[in-house]
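Let's walk through this structure together, one part at a time. Please keep the sequence and the 3D view open while you read.

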Amino acid sequence: MTRRIVILGAGTGGTLAANRLRRLHSRDAVEITVVDQNDDHIYQPGLLFVPFGLKRPEELVRSRHAQLHDGIAYLQSPIDRVDVAQDTVVLADGAVLRYDVLIVATGATLLPDETPGLTGAGWNDTIFTFYMLEGATALAGKLAAFDEGRLVVNVIDMPIKCPVAPLEFCFLADWFFRKNGKRDRIDITYVTPLDGAFTRPIASQVLGSMLASKGVNVVTELNTGEVDSERKQLIGYDGRTVPYDLAVVVPLHGGAGYVSRSDGLGDELNFIPTDPQTLQSRVKSNIFAIGDAADIPASKAGSVTHFEGDILVENVGRYLTGRSLDGQFDGHANCFIETGFDKAVLIDFNYDTEPLPGHYPAAIGLPLLKESHLNHLGKLMFEWIYWHSLLPGHSLPGVGSAMPDRGKIHEPV
Amino acid sequence: MAVETLGSVTLDGEGFFVHPDEWTEAMVPELARREGIDPLTEQHWKVIRFMRQEYLQKGTGPAVRALSKSADISIKDLYQLFSKGPAKVAARIAGIPKPRGCI
């Protein structure tokens with residue numbers, strides 16, 4: 001009897017999961033349907049470069065459908081809700097999809113309207129986000145014309161996709177204004193709800209020093225409650241204010257909207273309660289989650305989604321054949337951190353191990369926790385790898401899903 | 001990392017309980033006083049008990065936004081009750097580890 005897998009979301013996770021599953025299971029054995037509300041697959045790591053004129057917006061978008069291999073059904077439709085009890089998905093037009101296995105891959109949604117004053121008068125004029133294509137594009141014009149004043153980069157609250165991107169923005173802004181001879185008339189300040197530049201001690205220290213050496217001020221433990229776009233200031237819940245002439249924010253994130261309409265599916269922020277090792281949801285045994293949609297304590301990042309891929313697919317296969325789940329995800333993430341001047345830092349970590357110095361993926365490889373031109377090239381090359389290797393659901397040569405200990409330098413005990 | 005004791009209880013360098021099972025409700029008034037909270041109101045107790053319960057059920061206390069939504073108290077009110085970072089302060093008083101900030 002043909003089993004039906006429904007995958008919600010045709011972004012990074014949905015696409016690689018669908019393609020991997022299609023390759024593993026015959027069309028007679030398993031029917032795979034992917035649902036997404038639009039056909040615009042955006043290479044999100046490229047958004048960072050748009051405000052600085054390093055990438056054009058149209059270079060970042062391809063058809064979602066075109067990334068899915070043959071034998072995968074694709075439905076373009078908004079989702080109304082998931083009926084967990086009935087094992088069905090109800091689409092916006094009322095159509096009902098029954099599933100044997102549901103994979104939630106609808107990622108994280110930006111919620112700029114949830115911060116009072118953010119999307120008011122100053123939105124896309126003096127306060128922007130580069131996490132959306134339109135915002136990143138509008139910001140390019142503003143940055144090119146920005147001659148002096150206070151640039152404030154703010155993460156409103158966690159969790160966010162790609163926690164290093166706001167730091168990268170600060171580094172690139174420093175480079176951009178230095179290149180254009182305007183740096184000494186511009187003050188750059190990074191405002192974060194965290195108590196440091198990053199949440200793990202060694203990386204926080206390294207990144208914090210880099211911010212300091214580039215003259216970027218840091219304000220920590222500030223949870224932005226509202227924006228006063230008339231006076232141009234961010235107002236923390238604790239009453240602290242941060243004035244700006246130009247603000248670049250990362251808005252609040254939540255899970256996809258339909259999750260709030262799906263009884264029992266999501267947590268209070270609409271992320272899916274998920275086992276951090278098996279990627280099976282804690283909601284029902286036939287529901288799995290991959291990528292930013294899950295509530296697991298890993299970064300919301302494309303690399304995490306990729307490393308989750310083979311474990312997810314292994315466990316879905318086991319579930320379908322009634323075997324116990326074996327796949328063990330270790331929370332592996334790695335991130336290239338653009339630091340300007342054609343250099344980048346690479347960090348590699350998992351649930352148990354914080355970013356450490358050394359090399360990746362082995363003793364011969366890219367330098368960890370250090371700026372290098374090689375890392376910058378790696379970041380640029382990654383775009384090709386994304387479309388041609390990662391989305392089709394291939395593993396990368398020499399790059400295993402689990403975080404390697406080889407090549408890492410631990411502090412002497 | 002400096003470690004101090006509250007009676008026979010061990011706190012880490014940031015004031016969080018190293019062994020959450022050493023906590024009792026009787027410790028709450030003193031812990032609150034150390035955070036500058038005196039007197040404790042019913043709202044304070046509600047949040048503290050909620051944080052403790054979330055930790056016992058889920059293995060971690062919630063961060064401030066999740067706390068606001070599930071305890072049904074506005075973030076503004078949480079900051080009125082616990083002025084310096086409600087999730088962290090309430091976690092210290094509730095004898096649970098620092099809420100897992102996202103990475």
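**A loop in chain A**

Let's begin with Cys162(A), which sits in the loop between E12 and H3 of chain A. In these names, H marks a helix (a DSSP run of H or I, at least four residues) and E marks a strand (a DSSP run of E, at least two residues), numbered from the N terminus. This is a predicted model, in which local features need pLDDT of at least 70 and side-chain atom pairs count only at pLDDT 80 or more, while totals for chains, interfaces and linings use all residues. Residues are numbered from 1 along each chain as its sequence is written, with chains lettered from A and ligands numbered from 1 in the order in which they are written.

Cys162(A) has a phi near 50°, a positive value in a residue other than glycine. Is Cys162(A) buried or exposed? Cys162(A) counts as buried, with 22 C-beta neighbours inside 10 Å. A residue is called buried if 20 or more other C-beta atoms lie within 10 Å of its own, exposed if 12 or fewer, and partly exposed in between, with C-beta atoms placed from the backbone.

Pro159(A) is also found in the loop between E12 and H3 of chain A. The peptide bond that leads from Met158(A) to Pro159(A) is cis, with omega near 0°.

Now turn to Pro193(A), in the loop between strand E13 (186–191) and helix H4 (201–213) of chain A. Pro193(A) is buried, with 22 other C-beta atoms within 10 Å. Not counting residues up to four places away in sequence, Pro193(A) touches Val155(A), Asp157(A), Met158(A), Glu221(A), Leu222(A) and Asn223(A). Being in contact here means that the C-beta atoms of two residues, placed from the backbone, lie within 7 Å.

**Strands in chain A**

Next comes strand E12 (residues 149–155) of chain A, where 5 of the 7 residues are buried, so E12(A) is largely enclosed by the rest of the structure. E12(A) runs parallel to E13(A), and 6 bridges join them. Two strands pair if DSSP finds at least two bridges between them. To see one bridge, look at Arg150(A), whose partner in E13(A) is Asp187(A).

Further along is an open sheet of 3 strands in chain A, in the order E15-E16-E17, with antiparallel pairing. Why do E15 (224–228) and E17 (241–243) of chain A each have one side without a neighbour in the sheet? Both stand at the edges with a single partner strand each, so one side is left without a neighbour. Strand E16 (residues 233–236) of chain A is joined to E17(A) by 3 bridges, and Ile235(A) has Thr241(A) as its bridge partner in E17(A).

**Into chain B**

In chain B, let's look for H5(B), where 8 of the 8 residues are buried, so H5(B) is largely enclosed by the rest of the structure. What covers these buried residues includes helix H1 (28–34), H2, H3 and H4 of chain B. Just after H5(B), Gly95(B) takes a positive phi of about 70°.

How do helix H2 (residues 42–58) and helix H5 (residues 86–93) of chain B cross? Their axes come within 9 Å and cross at roughly 80°. Such axes are lines fitted to C-alpha atoms, for helices over the stretch in contact, and angles run from 0 to 180 degrees between N-to-C directions. H2(B) and H5(B) are therefore roughly perpendicular to each other, a label for angles from 65 to 115 degrees (under 35 is roughly parallel, over 145 roughly antiparallel, and the rest oblique). At their contact, Val47(B), Ile48(B) and Met51(B) in H2(B) meet Ala90(B), Ala91(B) and Ile93(B) in H5(B).

**Where the chains meet**

Finally, 16 residues of chain B are in contact with 16 residues of chain A. On the chain B side, helix H3 (64–71) and helix H4 (75–81) are the elements that give two or more residues. The largest share of that side, 5 residues, comes from H3(B).
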